[in-house]
Amino acid sequence: MSPRDAKPRLDLSGRVEMTHGAGGRAMAQLIEAIFKPALANDFLAQGNDQAVMPLPGPGRLAMSTDGYVVSPLFFPGGDIGSLAIHGTINDVALSGAVPLYLSVSVIIEEGFPLADLARIADSMGAASRAAGVPVVTGDTKVVERGKADGVFISTAGLGLVPPGLDLSGDRARPGDRVILSGSIGDHGIAILSSRENLEFETAILSDSAALHGLIAAMVAAAGPHLKLMRDPTRGGLAATLNEIANQSGVGIVIEEAAIPVKPQVAAACELLGIDPLTVANEGKLIAVVDPAGAEALLAAMRAHPLGREAALIGTIGEDDQHFVQMRTAFGGGRIVDWLAGEQLPRIC
Amino acid sequence: MKHVEEYRDGALAQGLAAAIRAEADPARSYRLMEFCGGHTHAIARYGLEDLLPPPVRLIHGPGCPVCVLPVGRIDAAIRLAARPGITLCTYGDLMRLPGSNRDSLLKAKAAGADIRMVYSTLDAVAIAAREPEREVVFFAIGFETTTPPTAVAIREAEQNGLTNFSIFCNHVLTPAAIRAIVTGAEAARDGVAIDGFIGPAHVSTVIGSEAYRFCADEFAKPVAIAGFEPLDVLQAVLMLVRQINQGRHEIETQYIRAVTPTGNRKAQALVATMFEPRPSFEWRGLGALPDSGLRLRPAFARFDAETRFEVETVPAPDHPGCACGTILRGAKRPEQCKLFGTICTPDSPVGACMVSSEGACAAQWSYGRFRRPAAERVSA
């Protein structure tokens, strides 16, 4: 973002035109009027083709990138802007890293309302400020009408893993405990409820949130007992548990009755014939912890606003076939499988 | 949800399971077919088989509309969707259903056909109203529960004067399929014998419990009509165990909160004004059955895609290794099919029973495959 002789004059009642991505004065105006004020910070203000930042201390770097194509762009409890900030902060932080810096790349479809673009930029800025993780560099492109769907956002994040911490998906061992930070399915159901053709009245809001504060409290409480953390986004809890089982070469047994699901989410899933275990979340995490650290971890999580409903949901076991099994609340057993096919496209 | 959770109570389940264990005679066998895919799904999802004693065996029946649709009809739908000007509206499950050469509506859509997933028949009517330049065809499938909504869609299209809405009708009738299974079993075609039926839930709310009278009167098979919740199924199992122990063969209704002897007369009347039985309709696994499928009456021919677009159904064979047919008759268990879990999985289904979550193979694969050795032991 390096506008040269731009003036912040832009009529927000208009629409994005191809010239807004052409590298000329219109593009500079777009950046100056919409993105710069929304995301302002000292690194972004350097105005070069890259941002140069200090490394705040010792440790290893963690980096992650993610694309956001959610439909609709605005949904109950969030929008594509805040989602793009939260999602990447979480991906970086789940390594135990302190997230430090973000980059943002926005691809805009010709004809997109400028007012909506400003709303999205403001939402990104608010999420970034609230999390204390600045967007230090960015880019915008405009593509012809029909070549994108409104706005696509790609973000990347950098963080610093403190010395001595080593979390990884292959570290679950038989006997370890599986802890979930809160109720599942909120994000997916919030998106579903606002989809065209499927609108239904619900009070469910997306759980989209930055989890690095909760994660810092978890690292402080459980330290080396913590084996790994994952966020159950697309594919839900079911996919994430299967990933862990495969990566660590173990089995997992969970208790259905221990998994928090909001009654409204359970009701919507019932109505739509979908399993809450496969519905996406954007503000929840799963931790695998040595039994010695499980109680301290649970207590620390429950003391944090984003982990109040944290629950011990299962145990890692030995299983050559790496099955995730569940004791149903009804008293039987069953497999928790990956979602087959596609439940819902473009959930994040 | 409170109302639903009451039918999933673990403590009540343990009580019912204990009663079944106490009353089931270890020297007898209780081979009970749950006709409906809805029951199959509930049984697998709640791990119900873990609660039943060895003499009680549940056999998964053909009551999954996606599963019994023959390959020739899927091919016909794919060809129809590929025609210029046509928009095919379908329920999601049908998208992945394999036609000949593992073709599917999903692949046809990727190749450019205008195929849209809808959640209700009325969504298809709304598309027809919104896009008058398109010929909108609704891919109508299902048992007696889904026929009334199709009839409502046609009535809606008629009242709104839509001339670009029609249906590709594949509605089928439950009693005809049950009769085919009992007569097949009686003839010992596959060596499978069934001692009783867990009768359909939603279908029975429409057609009524008396529709199964022939099972008891002609074939001496007891029926317990059950709701789709896991406690409903357990209670129906107990009712059937008691009937078999006492040598009774009656039509009993566990699902009394919704099923009456004569069913929903209003829905039946609406369907009867628009639909008539086909002389014969092909079912996967059961073959061509007389009076088992419905078509639109001549007075409604303008809503019949088969007439309007001269849709031709060319009979096509199932994949040679696929055991869906025998599985749908209850003669084989999913894990006895050599394709099960090898080249046929829910991600890449070869047979229809692996597509729908109500299909026996998909239910076994998705929920029960950890139980495989035990299942093989009891299936002998």
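Colleague: Which residues of helix 8 of chain A are buried, and what do they pack against?

Modeller: Happy to! Please keep in mind that this is a predicted model. Helix 8 of chain A runs over residues 291-302, twelve residues in total. From its first C-alpha to its last it reaches 17 Å, close to the 16 Å expected at 1.5 Å a residue. Its buried residues are Gly293(A), Ala294(A), Leu297(A), Leu298(A), Ala300(A) and Met301(A). They lie on the same side of helix 8 of chain A because they cover an arc of only 165 degrees around the axis. As for partners, the buried residues of helix 8 pack against one other helix of chain A, helix 5 (212-222), and against strand 7 (177-180), strand 8 (226-230), strand 10 (286-289) and strand 11 (311-317).

Now to the rest of the chain. UniProt, in an unreviewed entry, places the feature "domain: PurM-like N-terminal" at residues 47-161 of chain A. That span is 28% helix and 39% strand, and its end C-alpha atoms lie 28 Å apart.

Finally, the contact between chains A and B takes 19 residues from chain A and 24 residues from chain B. On the chain A side, helix 7 (263-272) and strand 13 (333-335) each supply at least two residues. Helix 7 of chain A gives the largest share, four residues. By type, the chain A side divides into nine nonpolar, seven polar and three charged residues.

Notes:
Residues are numbered from 1 along each chain as its sequence is written. Chains are lettered from A and ligands numbered from 1 in the order in which they are written. This is a predicted model: local features need pLDDT of at least 70, side-chain atom pairs count only at pLDDT 80 or more; totals for chains, interfaces and linings use all residues. The expected span of a helix is 1.5 Å times one less than its number of residues. A residue is buried if 20 or more other C-beta atoms lie within 10 Å of its own, exposed if 12 or fewer, and partly exposed in between; C-beta atoms are placed from the backbone. The arc is that of the directions from the helix axis to the C-beta atoms. Two residues are in contact if their C-beta atoms, placed from the backbone, lie within 7 Å. UniProt positions are given in the numbering used here, feature names are shortened, and annotations may be inferred rather than shown by experiment. Ala, Val, Leu, Ile, Met, Phe, Trp, Tyr, Cys and Pro count as nonpolar, Asp, Glu, Lys and Arg as charged, and the others, Gly among them, as polar.
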